[in-house]
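I'll jot down what I look up as I go.

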Amino acid sequence: MNYQDYVDSANAASKKFDDNDLDGAMSGFEELVKSDISDIDKSIMCYNIARVCEKGGHIDHALEWFDYGVSLEEPLCRCLLQEHKAAFLANLRRDAESLAIYEALYTQPYLQESDKERIWKNILVLRNPRPA
């Protein structure tokens, strides 16, 4: 797929998401995941699909897409989807699961110092119990 087709397809799917056409957005993003774009771009599309699933109330499906995106980015020493999954879980008040992701991420040798600082701040927040 050439770059402009990729951009156009991603923008069209994003517009459908913004217009609350979740089926159309899902279809558009899934087509990009099936295409020949790079794995790192596919991982971003997985994040977009997870957002579509979340907006539609399909939490387990969203988590599956986060996991698929992580499987694409991890060999590339990237952690965007892992961080987003951890934040997603924290928003669901699934703090133990979120904390486990952040703690595992913090030990990765490819993190920049700014990444480690951001992750550490999330670890500290999650280590302190929140009121129910």
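**Entry 1: a loop to start with**

Where does Arg 93 lie? I looked it up: Arg 93 is in the loop between H5 and H6. A reminder to myself before going on: this is a predicted model.

I then checked the backbone there. Arg 93 has a positive phi of about 65°, and it is not a glycine. I noted that because most residues other than glycine have a negative phi. As for cover, Arg 93 has a relative accessible area of 45%, so I put it down as partly exposed.

**Entry 2: another positive phi**

Asn 20 also went into my notes, with a positive phi of about 65° although it is no glycine. I found Asn 20 in the loop between H1 and H2. Its relative accessibility is 48%, so Asn 20 counts as partly exposed.

Asp 21 sits in the loop between helix H1 (3-18) and helix H2 (22-34). I get 34% relative accessibility for Asp 21, which means partly exposed. I also looked up a pair here: Asp 21 and Val 52 are 31 residues apart in sequence, and their C-alpha atoms are 9.4 Å apart in space.

**Entry 3: stepping back to the whole chain**

How many helices and strands are there in the protein chain? I count 7 helices and 0 strands. Read from the N terminus, the elements go α-α-α-α-α-α-α.

The C-alpha atoms fill a box of roughly 45 × 35 × 20 Å along the principal axes. Of the 132 residues in the chain, 38% are buried. I have the accessible surface down as about 7700 Å², with 51% of it belonging to carbon and sulfur atoms. Looking at contacts with a separation of 6 or more, I see that 47% come from residues 24 or more positions apart.

**Entry 4: H5 against H6**

Back to the two helices on either side of Arg 93's loop. Two packed helices are described by the angle between their axes and the distance between the axes, so I looked up both. The axes of H5 (residues 80-91) and H6 (residues 95-106) come within 7 Å and cross at roughly 155°. Angles over 145 degrees count as roughly antiparallel, so H5 and H6 are roughly antiparallel to each other. The crossing of H5 past H6 is left-handed.

Which residues make the contact? On the H5 side I listed Gln 82, Glu 83, Lys 85, Ala 86, Ala 87, Leu 89 and Ala 90. On the H6 side I listed Asp 95, Glu 97, Ser 98, Ile 101, Tyr 102 and Leu 105. Sorted by class, that contact has 7 nonpolar, 2 polar and 4 charged residues.

**Entry 5: two residues up close**

I picked Ser 98, in helix H6. Is Ser 98 buried or exposed? At 0% relative accessibility, Ser 98 counts as buried. Leaving out residues up to four places away in sequence, Ser 98 touches Ala 86, Ala 87, Leu 89, Ala 90 and Leu 126.

Then I turned to Leu 63, in helix H4 (residues 59-73). Leu 63 comes out at 10% relative accessibility, so it is buried. With residues up to four places away left out again, I find Leu 63 touching Lys 85, Phe 88, Leu 89 and Arg 94.

Definitions and conventions:
Residues numbered from 1 in each chain as written. Predicted model: local features only at pLDDT ≥ 70, side-chain atom pairs only at ≥ 80, totals over all residues. Heavy atoms only, no water. Axes fitted to C-alpha atoms, helices over the stretch in contact; angles between N-to-C directions. Helix = DSSP H or I, 4+ residues; strand = E, 2+ residues; numbered from the N terminus. Parallel < 35°, antiparallel > 145°, perpendicular 65-115°, else oblique. Left-handed = near helix turned anticlockwise from the far one by under 90°. Contact = heavy atoms within 4.5 Å. Nonpolar A, V, L, I, M, F, W, Y, C, P; charged D, E, K, R; others polar. Buried < 20%, exposed > 50% of the residue type's maximum accessible area, 1.4 Å probe, protein only. Areas by Shrake-Rupley, 256 points an atom, 1.4 Å probe, with all protein chains shown as cover.
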